[in-house]
Amino acid sequence: MAAYRREPPWIAEIPWTTGQRIVADTARRPENRYGNRPTMKDVAARAGVGLKTVSRVVNGEPGVTPETERRVQEAIDALGFRRNDSARVLRKGSTASIGLVLEDLADPFYGPLSRAVEEIARAHGALLINGSSAEDPEREQELVLALCARRVDGLVIIPAGDDHRYLEPELKAGVATVFVDRPAGQIDADVVLSDSFGGARDGVAHLIAHGHRRIGFIGDMPRIHTAAERLRGYRAAMEDAGIPVEDAWMSLGVTDPERVRRAAEDMLVGPSPVTAIFAGNNRVTVTVVRVLAEHRRPVALVGFDDFELADLLQPGVTVVAQDAAQLGRTAADRLFRQLDGTLLTPERIELPTRLITRGSGELPPAD
């Protein structure tokens with residue numbers, strides 16, 4: 001049996017002809033749900049006041065009696081009126097909004113960073129607009145320029161590319177800009193970083209201190225600043241300990257689970273398998289944890305970046321933790337100081353990391 005379909009109320013008792021439906025008079029159709037938004041003129045008419053009075057109430061200006069303000073506010077609430085800021089933007093030259101361009105909105109690392117930027121923005125009365133570059137330099141540029149076209153006052157950028165000369169006209173036009181996690185390429189701009197080199201060196205030195213000599217490194221793509229710095233820290237720690245590094249112990253590339261799994265499995269077999277692994281970021285660490293859970297021989301692990309539930313695993317995962325929220329707060333504070341005109345010279349700010357020991361990085365070599 002065909003499913004019964006209930007017709008809209010404005011199609012009722014309508015005769016059918018061959019292959020055609022006769023529609024009732026359009027006056028009987030429901031009102032368009034997406035009609036024009038209420039204007040100040042509508043508010044003024046409902047409250048029985050002039051347009052200037054409504055403007056004063058909407059913009060928080062003096063010169064309106066409490067009773068009149070109450071009537072205007074009741075009209076605003078009843079009509080669902082919202083102020084159109086376009087004219088104010090043209091008049092004042094600012095939008096009270098900033099843009100945040102992340103690498104990947106789904107990455108847990110960027111959650112506290114984004115929240116921190118948003119809190120600082122809100123404290124300054126600004127709206128935060130964010131988007132993801134998906135680690136694509138072209139997409140980053142498109143997104144940044146789209147935000148500039150919407151006249152954001154400032155930008156906080158986690159860069160995907162290494163050439164940011166496309167931003168020079170925007171910087172000259174007064175768009176405040178701070179880079180986070182990675183420096184800008186080929187332009188001078190403020191940047192707030194974690195000490196990726198020092199953190200990786202400390203993490204690998206920790207494994208060496210627990211007796212390991214065959215230590216693998218699995219990281220992100222080598223063109224990414226943080227990946228290159230963490231590899232440099234790994235090499236420095238091994239060199240400081242006088243340990244020669246074999247090519248088979250290092251693997252850099254995309255961080256999808258299949259690639260990382262293959263890299264870890266390759267390091268765990270052969271004539272000189274690693275006894276410990278240093279993972280270059282939280283996504284790599286999670287995949288390595290899964291691989292080691294299937295491995296018959298205990299292997300030590302230290303990961304760069306903390307991640308949820310790392311302390312509940314058996315053993316807990318030792319990590320080099322960076323403070324994502326502090327990165328966001330520092331960058332946003334720097335941005336608003338630029339907007340206030342109190343900063344003139346771009347600076348590089350590097351925040352320290354912290355080694356958190358939980359058990360996986362303290363396992364001794366199995367052989």
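How many nonpolar, polar and charged residues does the lining of the largest pocket have? The first view answers this for a predicted model, in which local features need pLDDT of at least 70, side-chain atom pairs count only at pLDDT 80 or more, and totals for chains, interfaces and linings use all residues. Residues are numbered from 1 along each chain as its sequence is written, and side-chain values use heavy atoms, without hydrogens and water.

**View 1. Welcome to the largest pocket, with about 340 Å³ of space.** Its lining has eight nonpolar, four polar and six charged residues. Of the 18 lining residues, Pro108, Phe109, Asn282, Asp306 and Phe307 lie nearest the centre. Two elements, α11 and α12 (324-339), each give two or more residues to this lining, and α11 gives the most, with four. A pocket here is an open set of points on a 1 Å grid where a 1.4 Å probe fits, with protein on both sides within 12 Å along at least five of seven lines; lining residues have an atom within 4 Å of a point.

**View 2. Here is helix α11 (residues 282-293).** Helices are DSSP runs (H or I) of at least four residues, and strands (E) of at least two. Several α11 residues are buried, among them Asn282, Val288 and Leu292; buried means under 20% relative accessible area with a 1.4 Å probe, protein chains only. The buried residues pack against β8 (215-219), α10 (257-267), β10 (276-279) and β11 (300-304).

View 3. Serine 133 is buried, with a relative accessible area of 0%. Beyond its neighbours within four places in sequence, serine 133 is in contact (heavy atoms within 4.5 Å) with residues including Val101, Glu103 and Arg139.

Note on methods:
Expected span 1.5 Å × (residues − 1). Buried < 20%, exposed > 50% of the residue type's maximum accessible area, 1.4 Å probe, protein only. Points joined across faces, edges and corners; volume = space filled by probe spheres on them. Nonpolar A, V, L, I, M, F, W, Y, C, P; charged D, E, K, R; others polar.
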